[in-house]
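Hello,

Here is the structure I promised to pass on to you. Please have a look at it first, and then read my notes below.

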Amino acid sequence: MDEALWAFGRASGFLSLGLLTASVLLGILTRSGRPLLVIPRFSVALIHRNLALLASIFLLLHVGSLLLDTYALLDLADVVVPFLGAYRPLWQGLGTVAFDLLLAIVATSLLRRRLGARVFRAVHWLAYAMWPVALAHAVGNGTEGTSGWFLGMAIGSVVLVGAAVLWRASAAFRGPARAGQRGLS
Amino acid sequence: MTTPTEPRRAAGLLHIDWTACEGRGLCVELLPEALDRDEWGYPVARRGGPGERTDVPLVWEELDGAADAIALCPRLALGLKRLP
């Protein structure tokens, strides 16, 4: 049973990070006001949201399974309070930081209409901090974190997200007003 | 029997908050019969007069699409006024 929880904890963490990476990329794309090839803007926004929610579910499973696992030596405080862990407290603490940030981002996103655009946007910016922290946690804490295949994927995602952020900061970011409209009709 | 050219009674008004709208274009995709984009990307009503730019008349079949547009608008710039 412990072996299963351990394996599941690792796999769910990996899946959660992958889904978060995709969601961050689509979040930047949807902010640009552009459709994605044949996918209209509202679908890009929905896929962004659904990937993030799926990532959150796998993150809960990741934390939950490792909490029950006797090998990871987690206790309840480690789930929300960073840097108290028994094993590699710094790297595990980064995971806790990312978990707390994601919790704030998801909660304010679900309550977006109630909180208003200003609060939503201010908290949503934390995604740019949450993603690298989550990635650092995976590299530093993961059993496969420093293996070749994982580092390759990590560098690949840093290049993709980095390129998206540079594009976000560039003058060409905002989509042309009518581009993609013709493709829809 | 109604002909396509006959104006239909509006079932609701899609209110656009111009201080929030940035013309991201999601609403136009979800309500293609009611809205078009101007050259800067901002929504314009396809039917009705120029006075109906802020409160766009919608027919009954468009109310579901309007609910999606209101929920998904990235700028929270949309609201619906139902008409009796």
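This is a predicted model: local features need pLDDT of at least 70, side-chain atom pairs count only at pLDDT 80 or more; totals for chains, interfaces and linings use all residues.

Chain B has an average pLDDT of 86, with 90% of its residues scoring at least 70. Of the elements of chain B, helix 1 (residues 26-30) of chain B has the highest mean pLDDT, 95, while strand 4 (residues 55-58) of chain B has the lowest, 89.

Now to the fold of chain B. You will find five strands and two helices in chain B, and along the sequence they come in the order β-α-β-β-β-α-β. The C-alpha trace of chain B spans about 40 × 25 × 20 Å along its principal axes. The radius of gyration of chain B is 12 Å, which agrees with the value near 12 Å that a compact globule of 84 residues would have. Of the 84 residues in chain B, 33% count as buried. Among the contacts in chain B with a separation of 6 or more, 63% are between residues 24 or more positions apart.

Next, the place where the two chains meet. Here 16 residues of chain B are in contact with 13 residues of chain A. On the chain A side, two or more residues come from each of helix 2 (41-68), helix 5 (112-115) and helix 9 (181-184) of chain A. Helix 2 of chain A gives the most to that side, with three residues. By type, the residues on the chain A side divide into six nonpolar, four charged and three polar.

Finally, the largest nonpolar core, which has 47 residues. Those that touch the most other members are A:Ala134, B:Leu26, B:Cys27, B:Leu31 and B:Ala69. Elements of both chains give two or more residues to this core, including helix 1 (2-31) and helix 7 (127-141) of chain A, and strand 1 (12-16) and helix 2 (63-72) of chain B. Helix 2 of chain A gives the most to this core, with nine residues.

And which residues does B:Leu31 contact, leaving aside its neighbours within four places in sequence? They are B:Glu62, B:Gly65, B:Ala66 and B:Ala69.

Conventions: Residues are numbered from 1 along each chain as its sequence is written. Chains are lettered from A and ligands numbered from 1 in the order in which they are written. pLDDT is the predictor's confidence in each residue, from 0 to 100. Helices (H or I, at least four residues) and strands (E, at least two) are DSSP runs, numbered from the N terminus. Two residues are in contact if their C-beta atoms, placed from the backbone, lie within 7 Å. Ala, Val, Leu, Ile, Met, Phe, Trp, Tyr, Cys and Pro count as nonpolar, Asp, Glu, Lys and Arg as charged, and the others, Gly among them, as polar. A nonpolar core is a set of buried Ala, Val, Leu, Ile, Met, Phe, Trp, Tyr and Cys residues joined through C-beta atoms within 7 Å. A residue is buried if 20 or more other C-beta atoms lie within 10 Å of its own, exposed if 12 or fewer, and partly exposed in between; C-beta atoms are placed from the backbone. The radius of gyration is taken over C-alpha atoms; the globule rule is 2.2 Å times the number of residues to the power 0.38.
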